[in-house]
Structures are given as C-alpha cells and as structure tokens.
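Here are my notes on the structure shown next. Please read them with the sequence at hand.

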Amino acid sequence: MITRRILLAAAASTLVLAACSNSDKEATPKVTVENVWARQSPMATDLGAVYLDITSSADDTLTGASVPASIARTVEIHEMAMVSNMGDSGMMGDSGMSSGGEMVMREVDKIDLPAGTTVSLKPGGYHVMLIGLVNALKAGDTFEVTLTLGSGTTTTATATVRETAPE
Amino acid sequence: MLPNSAHVVEYVYRRRCYAAPYVQTGAVSGRYRVASVVAAVCALAGVVTACGSDAPQRLIGAQRTPPVLVGGASLPDVTEAEPGTDFTFRAEPGSLLVVYFGFTNCPDLCPTTLADLRTARKRIGTEADVVDLAFVTIDPERDTADILRSYVGSFTSKFHVLRTLDTDRLNAVEEAFLASSTVTKNPDGTVSVGHTASTYVVDSAGTVLVEWPFGIGAKGMENDLRILIDRLETP
C-alpha cells in the first residue's frame, strides 16, 4: 500500500517536473501565420502581392520575406500610405472615408508584431510584394513564403493564389 | 417580389371583424380599436418593408454637392488596335460608366479595385451588363496600349482603356474628377507612383453619381451599383 502511494507520488511529481520543463521550452516565441494568399496575376504584369495574418506570441517584428527563385526574383515588404494632397476638398461620404490624398506604395523595413496581436497584411495596407514574377500566378497555384522576424525566427507558410480576397 | 404584407394584414383584420358579433359589445369595441391600430401599424410597416426590401436604398460611396461634372472631359481611346475617336466621360444612354485612374505596375490597389468590380458585377448578374468601365492610365510611359488592353482585359471583357502622353491633358482630366496622381522617377531608376485611387460612377449626362474611395470592397460596389441600376430603370 505504502509502496503504491510512494509510487503514485513519484509518478505525480515526475509529471509535474516534466510539465515544468515543457513550459521552459514554450519560452521561445511562437509565430502563427494564417490566411496566406496571393492575387492571381492580371496579364501583362510581373508584380504580385501576398497577403497574410501573422501573430507572434512575443513582441517581434516582421523584417523580411522570401519565396523560391522559381516564383519571383525579389521580395519586399510594402505598405500603402495616404500622402496628403494640396487642394483636398475634405469630402466625407457615408463610408466615412475621406478622399483627396494620394495613396503611395513604399517599402518598409519592418512591421511591428505586438505580442499576441494578429497583424493583417491586406489590400490597401501592408503586403509582401513579389517583384519579377517568373510566371504569372494562376488561381490554385501554391508556393512557399518564408518570413523572417527581427528576433531571428523564420517561419514558412504556404500561399494559395486566389482570384479574389477570402471573405 | 415579396407578397404585399398590407394585404395579409387586411385579411386577418377582416376575419377578426366577423368573429366580433359573438362577443359582448364593450369587449368588441375595445378589441376593434386595438385590432385596427395594430392592423394600421402592421399595414404601414408592411408597405414600408415591402417597398424597401427589394433594393437597398442608401449609397455607401460618397456623393459631392454640387456633383462633379466630367462630361466635357475626353481622352484618346486605345481600346481598339486602330486608334479611334476620343472617349468622352459620359455613359451610353441607359448605362453607367465606372472610371478608374490607375496603372498596371500596381500590385495592390489597382488589381484589388478591378477584382472587386468584377465580383460586384458578377453578383448582380445580367442587370450589370449596363455597367461599362473606363481605365485611365496615370503612367502612360510604362503602360502601352497593348499592356493596358491585356491588363484590364484580364478582369473584364467590357472596358475602354484611355491613354495620353500629354501630361497637361491628363492632369486636366484628373482635375475634372478631383483626382490626382504623381509619377516620380527615382535616382536609382525605380518609379514611385501615387494616386488618389478612387473609383467614379458616371451617368449619361457626365455627372459623377458616386465616388468610391479605395477599400469600399465588392459589397459596397454591389450595393451602390444595384441602387444606381434601379434608378436607370425608373426615370
């Protein structure tokens, strides 16, 4: 009887110890990448955009991305930003959006990833830009996208080429 | 077409009336009054919902007051292999003209806008056949007529592509729409393009009926196109 209790206690404590050491392993930040998609190429363009949702369990930054050389020559991270325009009439509509400023696309060095927050790269915002597509992207194609984070972590996800944004 | 709720309510009301004689007078008149008020409210609600339920009534895009008139503006039409007459910014009678200023080396806004428009037209179905598209390139140096036809053609088969190397003329047309664009050649050889990225819906008189800022999405476009197409049918 006593032996069994001791055995049980030993087993229990082993489990606890195992759990503790597991949580030590959990200390490395976990990065989740979902809803990775790229737009089907309109003809006559060698540019593409990849959109995705990324969540990091610890504060980090998205600093770079790459795709196989068979997909595109260069990959950059870009944002769309509104630059104010002289002579803006300041019109507002039902949609609550104002117009009059010009949208400019520019490369960014990094995108902040606050711990636990899902950052969406979506049309009109950030996107992973593919420059020099080797072949036009066709709906249904898939390819690997490797993302590099400021912490040094890299993670790879599969992008699916779609005709329209997922709803 | 939804059954007219007013008729349904009237029928129920009449049924109640016939049942009334079997009850004492006092109760009848009380019930009569309540029933008639309820019936009236229901009938009103029925009429209102029946009228409003078939088509959305509020435009999501922006409307300017006074409205922008672009019917006097025109640009060379390079849709056909043979350059034809200039294209004037007015829809054909009984049609709507969607106008977008963009460029083909645009990986995000332009394909998104054209894809959203395609989705909106598809969802509306054959009624959207009256919706035409004019794509004006703000980057005529890189966007040749061939490239434009190929690019816009991959989104829709009903379109016009307009292009001019005359910067002043392009700027004048943009100003008519209260749009603008800037093309900058950077020292390293890359080109930066900024543009207002709005989409305009124009009628046959050359009036901008609604302006869609970028981001309105396929649903917003569908909403507004349905309303505007309906208005075409009821003069």
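1. The secondary structure of chain A amounts to 1 helix and 10 strands. Helices (H or I, at least four residues) and strands (E, at least two) are DSSP runs, numbered from the N terminus. Along the sequence of chain A the pattern reads α-β-β-β-β-β-β-β-β-β-β.

2. This is a predicted model: local features need pLDDT of at least 70, side-chain atom pairs count only at pLDDT 80 or more, and totals for chains, interfaces and linings use all residues. Residues are numbered from 1 along each chain as its sequence is written, while chains are lettered from A and ligands numbered from 1 in the order in which they are written.

3. Of the 167 residues in chain A, 24% are buried (20 or more other C-beta atoms within 10 Å of the residue's own, with C-beta atoms placed from the backbone).

4. Chain B has an open sheet of 5 strands in the order β5-β4-β3-β8-β9, with mixed pairing. Its edge strands, β5 (160–162) and β9 (208–212) of chain B, each pair on one side only; two strands pair if DSSP finds at least two bridges between them. Within the sheet, β3 (residues 96–102) and β8 (residues 199–202) of chain B pair in the antiparallel sense over 4 bridges. Val98(B) is opposite Val201(B) in β8(B).

5. Why does the length of helix α3 (residues 109–124) of chain B agree with expectation? At 1.5 Å a residue, its 16 residues should span 22 Å, and its end C-alpha atoms are 23 Å apart. The expected span is 1.5 Å times one less than the number of residues. Buried residues in α3(B) include Leu109(B), Cys110(B) and Arg121(B). Just after α3(B), Gly125(B) has a positive phi of about 90°.

Methods. Buried ≥ 20, exposed ≤ 12 C-beta atoms within 10 Å, placed from the backbone.
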